Amino acid sequence: MNSELALTRPYPFARLRELLKGIQPAMEEISFGIGEPRHPTPRFVLDAYERAFPLFARYPAAKGTPELRGSIARWIERRYGVKADPETQIVPTNGSREALFSIIQTLVDRHAAGGRPIVVIPDPFYQIYEGSALLAGAEPLYVPLSPENHFQADYSSITDEQWKRVQALVVCSPNNPCGSVMTQQHWDEVLALSERWGFTLISDECYSEIYFDESRPPLGALTAAARRGNDRFENIVICQSLSKRTNVPGMRSGFCAGDARIMKSFLLYRTYHGSAMPTATQAASAAAWSDEEHVRENRELYRRAFAVGQPAFNRYFQAPMPDASFYLWAKSPVEDDLAFTRSLYEQVGIKVLPGTFLSRETADGTVPGRGYVRIALVATEKEILEGTKRLEQFDASLIRPIERAY
């Protein structure tokens, strides 16, 4: 048995189920706990998938079809204003989660001189970063995100000796769960560190198309790098997904793009891993990346959801408007976010995700996610309105401490 599996922890949603186990909520459940898109899947994507059903009779290629890679390359140029070679700089993946896991397996060299490799991770974070680092034999190094720095990473505490062991650094912009977006200044800082120390920058951009101002799409790593003269994207990989953009989380479709040298090794890894995207899924994905109208309509639905939900949650739990994404990163009325989550569910049936489940203790002894909850505004406007009305009935004085450690 792989001994490194013992280093991983249960996924946040498994821990949430355990936390709420045995509770009979006083009202019917309304879930804001899981960031699963609930808007309708565009009909044209489903039609493209159905037309491609005969392709299930063929083995898919790990590299993907020329049609899909071409569609992605054109989207990258429209969205980011840069050119990526569909032959050498793009690899389709089964969503961004598989991409993030596989790219870290590809990059980490556990036999490198100088000690155990390090993967730098923002904290709080999406747990796949940690799990993939541990299973690759690397040491996760957690960098806290705090309201004092608008939930942007501060790398100043990392020593030169640690930087020498860093093989990959993960950023997430728009951030899950905090909703912060990196500016060119933030990108310049981390890109300069990559240039100095030679590590690969992995940019998780799966929330990049969920934003509120049509004139200000979030800046991505490829654009930021090109502005610094790195239009070959050396030591840069972005991970993208259709799940949030197109409301197809079950289709498992995304891509990695960036440094051609890294993409060559990444493709080799995925060939052995046997994770080629089904050809019919590739056909539907090519159609999805080629259309923007459904994405604009999707953003409008989220704008309406936030117009209803954010002011109401903010009145009760300090839930400021995010820069982007569909999450509210809300301050719990008590420091014990686990106890608050249990009481909120028990009293009014509202399910949220404790920030502690998305966080780890950092070098200074703090747990950045503690005292917060993540609220995913993916429900219907009707559910959001009902949920916000229930907040008036929630009594924070009834919050009981958690006796069991999670």
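Mentor: Helices (H or I, at least four residues) and strands (E, at least two) are DSSP runs, numbered from the N terminus. The model is predicted: local features need pLDDT of at least 70, side-chain atom pairs count only at pLDDT 80 or more, and totals for chains, interfaces and linings use all residues. Residues are numbered from 1 along each chain as its sequence is written, and side-chain values use heavy atoms, with hydrogens and water left out.

Trainee: In which sense do S6 and strand S7 pair?

Mentor: Two strands pair if DSSP finds at least two bridges between them. S6 and S7 (residues 236-241) are parallel, with 4 bridges; Ser 203 has Ile 238 as its bridge partner in S7. S5 (residues 166-172) also pairs with S6 in the parallel sense, over 5 bridges, and Ala 168 is partnered by Thr 200.

Trainee: Why is S6 largely enclosed by the rest of the structure?

Mentor: Buried means under 20% relative accessible area, exposed over 50%, and partly exposed in between (1.4 Å probe, protein chains only). In S6 (residues 200-204), 5 of the 5 residues are buried, so the strand is largely enclosed. Thr 200, Ile 202 and Asp 204 cover one side, and Leu 201 and Ser 203 the other.
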